[in-house]
Amino acid sequence: MRQYFAVCVKVDFSQNEIDSITRESLHRQIILNRVPADDIVTENLDIYALTVAHLLDHRLDCHCCATQRAANEYEKIVRVALAGLEVQLERNLVSQS
């Protein structure tokens, strides 16, 4: 039996951030591309991309990694990507003021 390591993310956006995402149509914006833990290459890897829409509904988004090291690296990448999204949303909010 194969063991996977899950990295789960949940983001609680403020109402102002949700309004900005809606106003700027950022729902489909890809936060990061990812590949399944089993490394099965498919023609449509877009279904594995982490998008703003995945996080907008306050659900937990879990991604399985093949090793603990891969999970740790994925977690770091997600943190950096979400920090970038936060900066983008802050800029949008400031420019709206």
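A disulfide is a pair of cysteine sulfur atoms within 2.5 Å. In the predicted model described here, one disulfide is present. The bond joins Cys8 to Cys62, with an S to S distance of 2.1 Å. The angle about the S-S bond is 110°, and the link of Cys8 and Cys62 is right-handed. Cys8 belongs to strand E1 (residues 5-9) and Cys62 to strand E4 (residues 61-65), so the pair ties together parts that are 54 residues apart in sequence. Both partners fall in the intermediate range of accessibility: Cys8 is partly exposed at a relative accessible area of 40%, and Cys62 is partly exposed at 43%.

Two further cysteines were examined for bonding. The sulfur of Cys64 has its closest cysteine sulfur in Cys62, at 7.3 Å, which is too far for a bond. For Cys65, the closest cysteine sulfur is that of Cys64, at 7.4 Å, again too far for a bond. The accessibility of these residues was also computed. Cys64 is partly exposed, with a relative accessible area of 37%, whereas Cys65 is buried, with a relative accessible area of 6%.

Cys65 also takes part in the lining of the largest pocket. This pocket has a volume of about 200 Å³. Its lining comprises 15 residues, of which Val35, His63, Cys65, Ala70 and Tyr74 are the closest to the centre. Strand E4 and helix H3 (68-96) each supply at least two residues of the lining; the contribution of H3, four residues, is the most from any element. By class, the lining of the largest pocket is made up of ten nonpolar, two polar and three charged residues.

In soluble globular proteins, nonpolar side chains tend to be buried together. The core in this model contains 21 residues, and those touching the most other members are Phe13, Ile31, Leu55 and Leu82. Two or more core residues come from each of E1, helix H1 (15-23), strand E2 (30-32), helix H2 (52-56) and H3. Helix H3 gives the most to this core, with seven residues, and H3 likewise gives the most to the lining of the largest pocket.

The surroundings of Phe13 were listed with its neighbours within four places in sequence left aside. On that basis, Phe13 is in contact with Ile18, Ile21, Leu55, Leu56, His58, Leu85 and Leu89. Among these contacts of Phe13 is Leu55, which is itself one of the core residues that touch the most other members.

How values were computed:
Residues numbered from 1 in each chain as written. Predicted model: local features only at pLDDT ≥ 70, side-chain atom pairs only at ≥ 80, totals over all residues. Heavy atoms only, no water. Buried < 20%, exposed > 50% of the residue type's maximum accessible area, 1.4 Å probe, protein only. 1 Å grid on protein atoms, 1.4 Å probe; cavity = no way out; pocket = protein on both sides within 12 Å on 5 of 7 lines; lining within 4 Å. Points joined across faces, edges and corners; volume = space filled by probe spheres on them. Nonpolar A, V, L, I, M, F, W, Y, C, P; charged D, E, K, R; others polar. Core = buried A, V, L, I, M, F, W, Y, C linked by side-chain atoms within 4.5 Å. Contact = heavy atoms within 4.5 Å.
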